[in-house]
Amino acid sequence: MTLAIIIFVLLFLLAAYMRRSAAPAAPLPATAELHWNTRILVCSLGGETAGGFEDTDAKVYSTFYRHINVVKGQRVDDFLGSVGRDGYDIIHLFCELDEDGELAGEQGARLNADDLFEVCREADVKLLFIASDNPSENCSVFVRRKPASGMLNIVMTISRLGDKFPFFLEGLLRGMSAGKTMPYAWVDVAPQGASLWPKKGPAVYTRIERSDLVLKP
C-alpha cells in the first residue's frame with residue numbers, strides 16, 4: 001500500500017513538472033524593443049588594466065553573446081572613438097570615478113561624464129556597465145550627470161565582492177539573452193528583500209531608462 005502511494009505521488013509530480021515545462025513563456029510587452037546581434041565592448045580605461053577582470057567578465061559574456069571585443073588600458077580618446085564608431089550595444093567599463101563623477105584616464109587625464117553620455121546617445125549604446133569598484137557617493141554623482149531624457153540603462157558597481165560579481169553577471173545575461181527585458185532579468189538574479197540581497201550578489205544598483213529592451217545574441 002505504501003509503495004502504491006509513493007508511485008502515485010511520483011507520477012503526480014512528474015505530470016505537474018511536464019505541464020509546467022510545456023507551458024508557453026510569458027509574452028513580451030507589446031512595446032518590447034527587440035535587438036539582435038548584440039555587440040559588446042569590455043574595456044579598462046586609462047593606462048592601467050583591471051587586473052584580469054576584463055577577461056573574467058568577457059568570458060561570462062561569451063557564454064551568451066558572440067560579438068565581444070576586449071581592450072585593456074585604453075586611452076580616453078581611443079575609447080570615445082571606438083564607442084562612436086564601432087556600434088556597441090553594451091559598454092562594460094572598468095574605470096575610476098572621482099567625486100565629480102568624472103572618469104579617470106591615462107596620466108591624470110579625465111573623461112568628462114557629459115561627453116561619455118553624449119557619445120553613448122549618438123551611438124545608441126543601450127547599456128553602460130561600470131564594473132569596477134567605486135564609492136557609492138561617486139557613483140551617485142556620476143548617475144546624476146546623466147540627462148533624464150536619454151535612453152541608456154546604467155549599472156554601477158560599489159563592490160564586486162569576489163566571485164559574487166561573475167555569478168550576478170551570468171544570471172543577468174542569461175535572462176537578457178533568452179529574451180527577458182532587463183528589469184525582469186534583474187529581479188530574477190537579484191531578488192528584492194534583505195534576506196536574499198545582497199547576500200547572493202555584489203553591491204550594485206541600476207538606473208533603467210529602456211525598460212522594454214531585449215538584447216538577443
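1. In this predicted model, E102 sits in the loop that runs between β4 (90-94) and β5 (103-104). Is the residue buried or exposed? E102 has a relative accessible area of 12%. The cut-off for buried is under 20%, so E102 counts as buried.

2. The surroundings of E102 come next. Leaving aside residues up to four places away in sequence, E102 touches E96, L97, R110, L111, N112, A113 and R145. One of these neighbours, R145, also makes a polar contact with E102: their side chains are joined at 2.7 Å.

3. Now the helix pair. Two packed helices are described by the angle between their axes and the distance between the axes. Helix α6 covers residues 164-177 and helix α7 covers residues 182-189. Their axes come within 8 Å and cross at roughly 140°. Angles over 145 degrees would count as roughly antiparallel, and 65 to 115 as roughly perpendicular; α6 and α7 are therefore oblique to each other. The crossing is right-handed.

4. Which residues form the contact between α6 and α7? From α6 come F167, F168, G171, L172, G175 and M176. From α7 come M182, A185, W186 and V189. By class, this contact holds eight nonpolar residues, two polar ones and no charged ones.

How values were computed
Residues numbered from 1 in each chain as written. Predicted model: local features only at pLDDT ≥ 70, side-chain atom pairs only at ≥ 80, totals over all residues. Heavy atoms only, no water. Axes fitted to C-alpha atoms, helices over the stretch in contact; angles between N-to-C directions. Helix = DSSP H or I, 4+ residues; strand = E, 2+ residues; numbered from the N terminus. Parallel < 35°, antiparallel > 145°, perpendicular 65-115°, else oblique. Left-handed = near helix turned anticlockwise from the far one by under 90°. Contact = heavy atoms within 4.5 Å. Nonpolar A, V, L, I, M, F, W, Y, C, P; charged D, E, K, R; others polar. Buried < 20%, exposed > 50% of the residue type's maximum accessible area, 1.4 Å probe, protein only. Polar contact = N/O pair within 3.5 Å; in protein donor to acceptor, adjacent residues only side chain to side chain.
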